[in-house]
Amino acid sequence: MPPFKDEHILIIAPGSQVTLAQLGLPESFTPARYRFPTRMFPAEKKGEYEPYKIRERRQEVKSTNGVTAPKEDVDMKDAEPTTQEATAKTGNGLKEENPEQDKRVDASGDGENGEAKEGNEEHKVEEIFYEEDVASDEGAVYPMENGRVIDWPCFFALLTHVYNTLSPPFHTPIMLISQPVWSARDRETITQFVFEKFKTPAFCLMDSALAVCYGYGISTATVIDVGKDKVDVTAVADFIVNEHGRGTALEGCGGDYMTERLIELLGSKGFTKDMCEQLKRSNITEILPPGTPLPGTAATARQGASQVPGTQEGANSAPRGPGEGAQSQNESGNPDDEDEDVLDVAAIISGNTSEFLANREKEKAEKSSSKKGTADQGAKPVRLPNSKKARAAFQFEEFVRLEPEKDVNNGPRRFIRRTRDIEVGVERFLVATPKQNTGDRLSSGILEDIATQIHHTILAVPDATKRSDLWDSLIVVGNGSKIKGFTQALLNTITQKFVLSPSGTIFTSEIPSNFSTPLPTGGTNTPAPQGQPGPMHHPAGHGVNPLLVAATHSNNPAVTNMPPGTPSMDPSLSHHRSTGHSQTPTSVKTLKPPEYFPEWKEQSGANSQAQNASGPGLPGSGGGHHGMEEAAFLGAQVASKVIFVLDQGLSKGFMSRVEYNENGPSAIHEYVM
């Protein structure tokens with residue numbers, strides 16, 4: 001098989017709301033160039049779909065069957081006479097003059113001809129026009145829901161639309177990012193469609209969680225994908241996805257949860273679902289750390305007063321200038337101002353007069369500049385952060401249909417984008433709080449449910465030596481996690497619920513260090529080191545038991561300076577030693593995204609909206625505010641470069657056309673990543 005080129009690789013990442021696509025691998029990997037709405041519209045023929053809403057518009061037009069309209073057609077027909085006698089009688093040009101004579105007679109206003117002409121002009125025909133409405137979601141069919149494909153014909157029509165829009169060449173391999181909830185039968189169905197429809201020479205199905213690990217450049221991690229209305233939690237160990245205990249399509253924990261929570265809080269104030277959705281995506285919505293008081297409470301009021309010193313004094317100070325109750329210049333409270341213009345005669349006589357006067361002018365200049373700087377600093381308004389503002393405004397965008405012109409009936413539908421500012425209170429900080437109406441599902445909140453699923457997924461990993469690494473390698477992706485403070489709030493929830501800290505009182509040594517421990521430990525002395533910095537020292541624990549520290553930190557190769565009396569194991573048996581608490585973590589961390597992809601760095605916008613620059617429903621470019629929350633697409637580019645260009649199928653990273661013809665679509669499980 002000839003090697004594939006970078007510019008021929010097609011990558012498609014379908015999602016429940018947006019499908020990412022790109023043809024070709026750039027020199028520096030960038031976000032997806034095309035973003036297609038994951039929706040289609042029923043076509044006129046049953047079973048077929050269109051990418052946009054097709055509207056039927058009827059318009060009345062004047063009939064072309066009158067006397068004056070088809071003159072050219074009549075002349076063309078008369079060019080071939082029916083009989084030779086008619087041709088001989090007409091002579092040269094006589095047949096052509098008759099229509100002109102008839103035209104002059106009609107124009108002269110003859111009775112019957114005039115009435116017939118008026119009747120022909122009044123006769124109108126209704127014609128049908130079809131136009132695409134790119135701003136409408138009316139009648140849209142969404143083939144995917146919570147990651148599952150619920151409408152296969154519509155899903156295949158979407159893939160065909162993406163393929164035709166990008167128009168790849170014939171020798172094009174295809175990389176498709178699969179959802180964790182897809183079954184083996186779903187993968188076989190997609191494989192069969194791609195090979196039979198697109199005639200691709202090579203095809204690869206890659207798991208989205210594994211693609212995220214490729215994007216971050218790590219082999220072991222726990223991937224939390226927060227989507228529209230679901231969350232996927234996957235444990236990946238040494239580039240192998242752990243299917244057992246995997247949390248797939250955990251419903252009620254995505255971005256829609258937070259939108260519904262805002263509707264509960266702001267629905268009584270006239271907020272619609274679209275307003276709450278854009279408020280959730282704006283930069284004023286934030287999840288505050290635990291224990292932070294909401295703006296407007298007594299605690300934040302005291303904090304605000306302490307941050308603006310001198311404000312109250314300035315408000316109560318007396319005005320300067322003449323009048324009763326006014327403050328004079330020498331009553332400003334500065335004693336140096338009284339002696340500013342007074343000269344010390346004794347100092348002038350005893351010393352150098354010119355030097356003394358120069359120093360005097362220099363001091364006056366310094367005092368005046370310091371006064372001016374103080375005045376400017378006092379007049380400058382203090383800008384509070386968003387977390388301390390009781391009210392803030394966000395920009396709401398909507399498409400408003402323009403009224404058609406008076407003279408044009410049934411004209412094309414036209415829309416204009418309109419923006420306006422809407423002010424919101426402290427409700428914008430409560431998006432992650434438990435909802436009032438939870439339904440039949442027992443839930444304590446989105447953060448608690450996700451934390452519980454992470455704990456369950458990591459405990460299901462059969463290799464206990466990998467669990468501590470999985471706790472220290474959390475990756476939170478997905479557009480549902482873009483809310484400011486979401487990742488930190490999730491870490492705080494996990495720490496509060498599951499993290500085991502050796503600083504607790506039940507783990508401290510309750511006996512003096514010069515006494516022996518109970519008999520089950522062999523009577524070994526366990527002195528608690530005092531004032532020794534290092535891995536064994538915990539500032540919050542007053543005398544932590546070294547036995548506990550050795551058990552919880554034995555997986556750390558950096559722990560070499562064990563305190564005296566701490567039992568250690570034979571170095572030759574290091575591969576059999578315990579790796580700490582496999583059921584309960586001692587630390588939880590998130591991975592830092594790679595910095596060698598500048599296009600994927602977070603770019604904060606004034607108000608990140610769902611619509612792109614090309615308008616609603618149109619495939620737009622992938623620039624702007626899309627960052628590492630779409631790391632699966634970055635990993636797909638990295639993997640495509642490796643398996644299609646560098647490896648070229650040696651490690652069975654993709655399924656070729658020949659292998660599909662020999663084994664069928666069921667063989668995709670041997671090549672799936």
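## Close-up views of a predicted model

**View 1. A salt bridge joins K466 and D238.** K466 and D238 form a salt bridge whose closest N and O atoms are 3.3 Å apart; a salt bridge here is a side-chain nitrogen of Lys or Arg within 4 Å of a carboxyl oxygen of Asp or Glu. K466 lies in the loop between α14 (446–459) and α15 (467–471), and D238 in the loop between β13 and β14 (240–241), so the pair ties together parts that are 228 residues apart in sequence. Helices (H or I, at least four residues) and strands (E, at least two) are DSSP runs, numbered from the N terminus. K466 is buried, with a relative accessible area of 18%, whereas D238 is partly exposed at 41%; buried means under 20% relative accessible area, exposed over 50%, and partly exposed in between (1.4 Å probe, protein chains only).

The model is predicted: local features need pLDDT of at least 70, side-chain atom pairs count only at pLDDT 80 or more, and totals for chains, interfaces and linings use all residues. Residues are numbered from 1 along each chain as its sequence is written, and side-chain values use heavy atoms, with hydrogens and water left out.

View 2. The structure holds 21 salt bridges, one of which joins K228 to D256 with the closest N and O atoms 2.6 Å apart. K228 is partly exposed at 36% relative accessibility, while D256 is buried at 12%. In the salt bridge between K435 and E260, the closest N and O atoms are 2.7 Å apart. K435 counts as buried at 17% relative accessibility, and E260 as partly exposed at 38%.

**View 3. F155 and W182 form an edge-to-face aromatic pair.** Among the 16 aromatic pairs of the structure, F155 and W182 stand 6.2 Å centre to centre, with 80 degrees between the planes. Rings of Phe, Tyr and Trp (its six-membered ring) pair if their centres lie within 6.5 Å; planes under 30 degrees apart count as stacked, over 60 as edge-to-face and the rest as tilted. F155 lies in helix α5 (residues 152–166) and W182 in the loop between β10 (174–178) and α6 (184–198), so the pair ties together parts that are 27 residues apart in sequence. Both F155 and W182 are buried, and ring pairs link W152, F155, F156, Y163, W182, F193 and F198 into a cluster.

**View 4. Six strands form an open sheet with mixed pairing.** The order of the strands is β3-β2-β1-β10-β11-β19, where two strands pair if DSSP finds at least two bridges between them. The edge strands, β3 (34–37) and β19 (655–656), each pair on one side only. Strand β1 (residues 10–13) pairs with β10 in the parallel sense over three bridges, and L10 has I174 in β10 as its bridge partner.

**View 5. Helix α18 is mostly covered.** Of the 17 residues in α18, 13 are buried. Helix α18 (residues 631–647) reaches 22 Å from its first C-alpha to its last, close to the 24 Å expected at 1.5 Å a residue; the expected span is 1.5 Å times one less than the number of residues. Q648, which follows α18, has a positive phi, near 60 degrees.
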